[in-house]
Amino acid sequence: MHGGEELNGLNREGAKDAKKDLRTLRPGGSSGQHQGSKEDPLKPIDLTINGRKVRVRKGATVLEAIRKASVYVPTLCDDPLLSPYGACRLCIVEIEGLRGLPTSCTTPAEEGMAVHTETEEIQKIRKSIVEMTIADHPQDCLTCDKSGACLLLSVARYVGVEKDLIERVRRPVHRPMDTSHPAFDLDRNKCILCGKCVRVCNELVGLGAIDIAFRGAQARISPFGSKSMADSVCQSCGECVQRCPTGALTVKHALPPEREVATICPYCGVGCSIILGIRGRKIVRVRADDKAPVNRGELCVKGRFGLGFVDHPDRLTRPLIRREGVPKIAPPGDNGGVFRETTWEEALDRVTRGLSEILHRHGPDAVGVLSSAKCTNEDNYVVQKFARAVLGTNNVDHCARLCHASTVTAALAAFGEGAMSNSISDIDYADVLFVIGSNTTECHPIIGRRIKRAVRSGRARLIVADPRAIELSRLAAVHLNHLPGTDVALLNGIMRVILREGLYDRNFVKNRCEGFEGFVDSLSASTLESVEMTTSVPVEKIRDAARLFGRAKRAIVLYGMGITQHTTGTDNVKAVANLLLLTGNLGRRGTGFSPLRGQNNVQGACDMGVLPNVFPGYQRVDNAEARAKFEKAWGTSLNGRPGLTLVEMFHEAHQNRLKTLYVVGENPMLSEADLNQARTAMSKVDLLVVQDLFLTETAQFADVVLPAAAFSEKEGTFTNTERRVQRVRKAFEPPGEAKPDWQIIESVANAMGYPMSHGSSAEIMEEIARLTPIYGGIRHDRLNRRGLQWPCRDLTHSGTPILHAGRFSRGLGLFHPVIDKPPAELPSGSYPILMTTGRILEHWHTGSMSHRSHVLESLAPESLLEISPVDAAQLGIEEGDEVSLSSRRGKVRTRIRKSNRVSPGQAFMPFHWRESPANELTNPAFDPLAKIPEYKVTSVKAVLAVLERATEDNQFLAALAENPSGALKSYDLSPEHRAALAAGDIEAIEKWIGPMEERVRSWLQTRLRRERW
């Protein structure tokens, strides 16, 4: 039945039934459909290994049983994260009653098996295999980068390979090396064709960038089409490098570490555990922790190859003070003339005197503090305590305001908790995964891989809602290619079908929710035809998605900033919450509400109260009881009025009402919407203090710059996107006089007369635990490799992997009626392209870290605007052209990448480059509840850069660029001029409009050919 045949969108009987189900359950309905069935545990298997009895799980391989028996069997192709392969044949065993010598990695263990691993025949065959493998291997072990860690050499020694025999069968073969990639080299001369690299790229990463090409003696590892690694579709994650058993794949310029330190990756919110190889005060190697529950031995390109910023020569090592008389807008590259190095004593004196004077003259409302999601929980706790207890203001915020403020606002309202409800591992147990507003494989690669594996294995089906054709779209059962800014309409359309067809969870709605009747009424206006018209998604696709999600026993919605960064961001997230409440997909394994946090500790910074309306643990500042608790602990009276958000602080600074900003680790001069306005605001403040690793775009406006320690130079904790609190460990001392952020803040507080004297970050966490119930049981010494997921309320609590099991924090889950509203700005004749912004795989945030990684910068050296080939043809723009991109707020230059990933009329631009700052263009209009700007919908126009220069002094050419048909009609052209234009006679045209550059000539010819004469 089509939407037009329904009454008021929802069939009246259907609406009546839906409301009735609040009170009674109909027999035979969908009640209980999401409860799932509990499987019986698998019976274990007993077998013997070399006469020793071993018990393993059913489904285990013989090799697993051998290892459980602590018996060594050599292997070259086996990996615990990959499916059994049996290529090297070194793990052969003898099994009583079974013919031949099977490979133990591919043989299932069975009850009563008697396995022998070291018979004379086995040893002889293994030795022959290794001799043949090593026969044409280079003899450069002393100089090989894998020296000391070569698995082939270890196995050769174990089986007793004899040098004389190898020399008799050696075949001198030379295969060309591939050194094209900036991070690693491929030496095919050392490759033994074990297939690990191919399998890990296919099975683990889900990419298939390489394979074994050719056969026989010509066989070799190669990207598709025999391209170089640098020119292939390789995502540079380095998983193949980590697992290569020989020196065939090695990191460039690698050095063996003298020691290792386990810590957490400083990039995205996934929270991958990494092990740093340290030599002196340099990170010489990074590997993944294969025991960590989050990444289980995996890393992406940033985590493995993006830590070069730590010892970059740009690091700040001493405090800086702006020279007298130097204006706040200084010429770039002239920092020596802008700042002078100083002592900590002078810098702290300048900061404390400035803050005290402004507090005395203007009061605490004139002061704002920005903290950072890149800082530890302990850093952030001290920063917000400093703002509230020392400066007397709740004007404290951080970058969550620009990414997930709408998540916190909406989720607190719907569930009572503003965080991810489930664990990352729940992806493995879901029947349906719904990814909306998240380019997961680029922004959260390890989670993206997990999604790909779940779908490719057949365990789950995938729905993707994204205006672009992202990597996950290719795996999706349904791709909803909706227009940016129409998320509410799309989700309401899906929920309408779920209700209409009785696919919702009546038990869950009746027993665990409220507000259902108003929610049902709110959907009556959302006919599927109107949803199609608003979103551009066909009705049948909406139905397909709704049925797939509604029929799932376990479903998860994963989303990112494509949902949150809108003027309707809070409504978007409430719509996501409605969908999960409607289908009962909360509080159970394999279900959940999954906002994917962008920065490494954005969840933790929110938890620590770096928000203007809450203390740590989301305890409201206007709640008298909560305020009294913190007043007693901190020994001072506290402001009970919620403060300014980050966005509001810049507005107040622009109006000369905010006089001071203290910025810790943030870079709003690239992250704020409408950077022109932000620059003006920043230049107006009387005192700007910046703590950071580098002289960022924001620090260049500062009066005082204080050098901070990097993640590898301090102790503390990060909280990842699944609420997992994990240890950050110090690997070496900070450079020069740099200090951890919390120590700097405490120095300022002490100088201003408020005593802060934590002896360590562990002591800070103890104070956090005393005052923050959800962190009550968290201590540094409890955080082993697994970490703890909050709420963890006392020292006996083991953490909470799944929220909302049994009940919501607010009692009942609350449905919110949400109505589709258009974005604040839509395309027009002057600005016809709808641009959205986002991240790319190789860079992160404002680039202050990733641009200082040689590998990441080599892989993605410049900003590229993705535009559809259709639009490019209409504009006369070619691949690689530099264009001038402008909106109502500003103008930037960038290069073009023609891409079918974006639809005609749309464009995508990453926001990582100061040379092409996307936020010069973005709209500062913000969500009225969460105060988050609308980064995802901006109307722009693109003009060829050389053409723009040419039109500055040529009115006719300018008119022709703006509106060719209109210019030809409006100008009084002579017959000779019109004939020259119709014929595309450039030489004749130049005689009356002047000479043109070659690129402008070709553009003009292209445009004139498109006109009808």
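Predicted model: local features only at pLDDT ≥ 70, side-chain atom pairs only at ≥ 80, totals over all residues.
View 1. With a relative accessibility of 0%, Ser-372 counts as buried. Leaving aside residues up to four places away in sequence, Ser-372 touches Asn-380, His-398, Ala-605, Val-664, Gly-665 and Glu-666.

**View 2. Cysteines without a disulfide.** A disulfide is a covalent bond between the sulfur atoms of two cysteines. With a cut-off of 2.5 Å between the sulfur atoms, the count of disulfides in this model comes to zero. Cys-201 is accordingly in no disulfide, and the nearest cysteine sulfur, which belongs to Cys-237, is 6.6 Å away. Cys-201 is buried, its relative accessible area being 10%. Cys-403 is likewise in no disulfide, the nearest cysteine sulfur being that of Cys-399, 4.9 Å away. At 5% relative accessibility, Cys-403 also counts as buried.

**View 3. The hairpin of β6 and β7.** Strand β6 (residues 210–213) and strand β7 (residues 220–223) run antiparallel and are joined by four bridges. Within this pairing, Asp-211 has Ser-222 of β7 as its bridge partner. Six residues lie between the two strands of the hairpin, where Phe-214 takes a positive phi near 65°.

**View 4. An open sheet of four strands.** The strands of this open sheet follow the order β2-β1-β4-β3, and their pairing is mixed. Because β2 (52–56) and β3 (94–95) stand at the edges and each has a single partner strand, one side of each is left without a neighbour in the sheet. Strand β1 (residues 45–49) and strand β4 (residues 114–116) run parallel to each other, and two bridges join them.

View 5. Rolling a probe the size of a water molecule over the atoms shows where empty space is left. A search of the whole structure finds eight cavities of 30 Å³ or more, and the largest cavity holds about 350 Å³ of space. Its lining is made up of 26 residues, of which Gly-437, Ser-438, Asp-466, Gly-562 and Lys-936 lie nearest the centre of the cavity. Helix α20 (561–564) and strand β31 (833–838) each supply at least two residues of this lining, and β31 gives the most, with three residues. Divided by class, the lining of the largest cavity has eight nonpolar, 13 polar and five charged residues.

**View 6. The second largest cavity.** The second largest cavity has a volume of about 190 Å³. There are 20 residues in its lining, and those that lie nearest its centre are Lys-374, Leu-693, Ala-709, Ala-710 and Met-849. By class, the lining of the second largest cavity divides into 11 nonpolar residues, five polar residues and four charged residues.

Conventions
Residues numbered from 1 in each chain as written. Heavy atoms only, no water. Buried < 20%, exposed > 50% of the residue type's maximum accessible area, 1.4 Å probe, protein only. Contact = heavy atoms within 4.5 Å. Pairing = 2+ DSSP bridges. 1 Å grid on protein atoms, 1.4 Å probe; cavity = no way out; pocket = protein on both sides within 12 Å on 5 of 7 lines; lining within 4 Å. Points joined across faces, edges and corners; volume = space filled by probe spheres on them. Nonpolar A, V, L, I, M, F, W, Y, C, P; charged D, E, K, R; others polar.
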